[in-house]
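User: I'm new to this one and would like to learn how to read it. Could you walk me through a few features?

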Amino acid sequence: MEKITLQINGMTCAACARAVERAAVKVSGVGEASVNLATERLTMSVAREVKIKAIQRAIKKAGYEAVEESGTYDPAAKDDEIRAMWRRFVLSACFAAPLLIVAMVPMLLEMAGAALPNAIDPMARPRANALVQLALATPVLIIGREFFRVGFKALFSGSPNMDSLIAVGSSTAYLYSLYGVFMIFSGAHHTDLYFESAGVILTLITLGKTLETVSKGKTSDTIKKLISLSPQTANVERGGAEISLPVAEVAVGDIVVVRPGEKIPVDGVVVAGGSAVDESMLTGESMPVDKREGDKAVGATLNRNGLLRIRALKVGEDTALAQIIALVEEAQGGKAPIARLADVISGRFVPVVIALALLSGAGWIIAGQSLEFALNIFISVLVIACPCALGLATPTAIMVGTGKGAENGILIKSGASLELAHKVSAVVFDKTGTLTKGTPALTDVLPEPWTDEAELLALAASAELGSEHPLGEAVVRAAREKRLELTHPERFEALPGTGVSASVGGREIRIGNERLMKALNLWAAGGERSEKMSAQGKTPVFVAIDGKYAGTLAIADAVKDGSADAVSRLHAMGVKTVMLTGDNTRTAKAIAAQLGIDEVVAEVLPQQKAEELKRLQSDGSVCAMVGDGINDAPALVQADVGIAIGAGTDVAVESADIVLMGGDLKGVAAAIKLSRSTIRNIRQNLFWAFAYNTLGIPVAMGLLYPLWGVLLNPMIAALAMSLSSVSVVTNALRLRSFRV
């Protein structure tokens, strides 16, 4: 068996995805088949002898198109598709709006008891009125013909979807109206026309499909941004000379030269040189990692301040970045599509309604009624079951809900995210940049008795003026904030892996870590403070002046204002909180204790973050992941709901389902609360949508006619359908009163 992927065109909902999967597995030799609706890709395990064309024919028979992938993402093609859909909506609306006015204004005036002018009275000028409605409705059906092609094909293949409901409802209304036009021109005063139902349904659904396509078009942007992180060229030593090559031409075993400020192009091991490397792309942590001979180096990480020679061990698809990209794609493909209630019900509702309509019409003919009577029954059943309210029940609530979210700085990127967020039982937080500020800051200055705080900080900052290390930058920034006078060092030397050495005003300054202090035989003085600071989640930096231990500077990634409040709000809602970080366990636990977080998982890489999400999900938890870094992208996609901090990286924002634009973590609880309110509203909407149908269908079938002579006129059926839509929209608008 081998794995192959096909691009699928023509899918509109989860029912379409299931239909494609069923069509694929029916082909002999095809094992598992999984459709990723977001990326519109079908992934299959197939026997080697299976012909791709056989699978394509089976999928085409089901009503969809399968094409082999080109291997390149074409954003222009997706943009063209979105523009085409917007054009279809605008064109449809241009015809549907006047159609609604022509059809409904006379009815509303008549209901209000007002006299109708002859120019708009359908009874006075029935033929002109009918022709105007026909002329306005027909272009809408032509523009929305794709709904009919997909909907009827899905219906006839035994896999009805939302398009099937649209096609049956709108075409029934249109065909019955054509019958009405025929009766009018035959001399009968037949004015029961429902062209406006067909036109408005198709126009609203076109808008919804367009918004869906816009959201789906964002999926490939995540992969595109990840790919762009890798450098395009590498400096390689070959034949005694250094040459520049495309990264794709670097081979395993090559020696790659990486200068300060350059990205490391491959995964490998340092064979010469030393530097501090920013690995935040991989770990999400702001603290750079010192690299010396024998240390591992990861592709796409940033070399900060030294020259490195690296032997390539992994290139191309084997690099860590390529694995992250693969994890994002796998998580996207493996996430089960949210089963929309309308799609589930449509598989049973449409056939049942059509069967009831046919049985009712046939039954009345057998009972001796006329064909016109039976047709009246048949049309009434289908019109009362028109899916307008069903189609509006979810999107109207979601539109209002997402609008309220945007007002409060919560960008909800899809209706699926809003639907699922109400089930969240565990929120997983990244640490750096999410719960904390993500920038090292000086927190403590602890001088020895023979010096003072200002002198210690001024000398240390002066020595660090020549450093590009983030810890040194934090010291300099703190000194400048205190307006201390700094002096440029007469001599500066970076000590890879340990710290810096400098001469400032004739004094010898050494600043660094435990390894440097031990080399200077000064560790005994700073060891006790080191333990205390580490326990508090701080990084100690030791200072020696003229060969004597002078004091300790504590640097930490400070907790964001509002983080503790955000965690407290989630606990009040009964939601478990988890911290997932690449930082060391001691620091992570210290931060978690400050915030009251329930569980800590530390020292994890991006691959492990996605695995930890899977572990939590396997225990039955519905997980939301909150992060801001590139390293969080796989976990954001693996989570049931990915929540990105708006100030984070573009990739994190693109990978997430919900974005907190202001970076306020209280928005996590607000998003879940908003989702719960919206889902409650959707359930109410669906209840009313089906209440009209379930109560109206028996009356439309004529079940009350033998007892009381009550027969539902198609006009009343259409009015009931319209009332159901009005009630659904009105109920959805109540969400506008939602308060965070």
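Predicted model: local features only at pLDDT ≥ 70, side-chain atom pairs only at ≥ 80, totals over all residues.

Analyst: Happy to. Residues are numbered from 1 along each chain as its sequence is written, and side-chain values use heavy atoms, with hydrogens and water left out.

User: Is Lys61 buried or exposed?

Analyst: Buried means under 20% relative accessible area, exposed means over 50%, and partly exposed is in between, using a 1.4 Å probe and protein chains only. Lys61 has 71% relative accessibility, so it counts as exposed.

User: And how do I read the rings?

Analyst: You describe a pair of aromatic rings by the distance of the centres and the angle of the planes. Rings of Phe, Tyr and Trp (its six-membered ring) pair if their centres lie within 6.5 Å; planes under 30 degrees apart are stacked, over 60 edge-to-face, and the rest tilted. Searching the whole structure gives six aromatic pairs. One of them is Phe152 with Phe156, a stacked pair at 5.9 Å centre to centre and 20 degrees between the planes.

User: Why are Phe152 and Phe156 about one helical turn apart?

Analyst: Because they sit four residues apart in helix α5 (residues 145–156). Phe152 is partly exposed, at a relative accessible area of 25%, while Phe156 is exposed at 66%. Another aromatic pair is Trp523 with Phe542, edge-to-face at 5.2 Å centre to centre with 90 degrees between the planes. That pair links distant parts of the chain: Trp523 is in helix α19 (residues 523–535) and Phe542 in strand β20 (residues 539–545), 19 residues apart. Phe542 is buried, with a relative accessible area of 1%.

User: Which residues form one aromatic cluster?

Analyst: Phe148, Phe152 and Phe156 do.

User: What about the backbone: what is phi of Asn521 near?

Analyst: It's near 60 degrees, a positive value in a residue other than glycine. Asn521 lies in the loop between α18 (514–519) and α19, and is exposed, with a relative accessible area of 71%. Asp546 also has a positive phi, near 55 degrees; this residue is in the loop between β20 and β21 (548–559). Asp546 is partly exposed, at 41%.

Terms used
Helix = DSSP H or I, 4+ residues; strand = E, 2+ residues; numbered from the N terminus.
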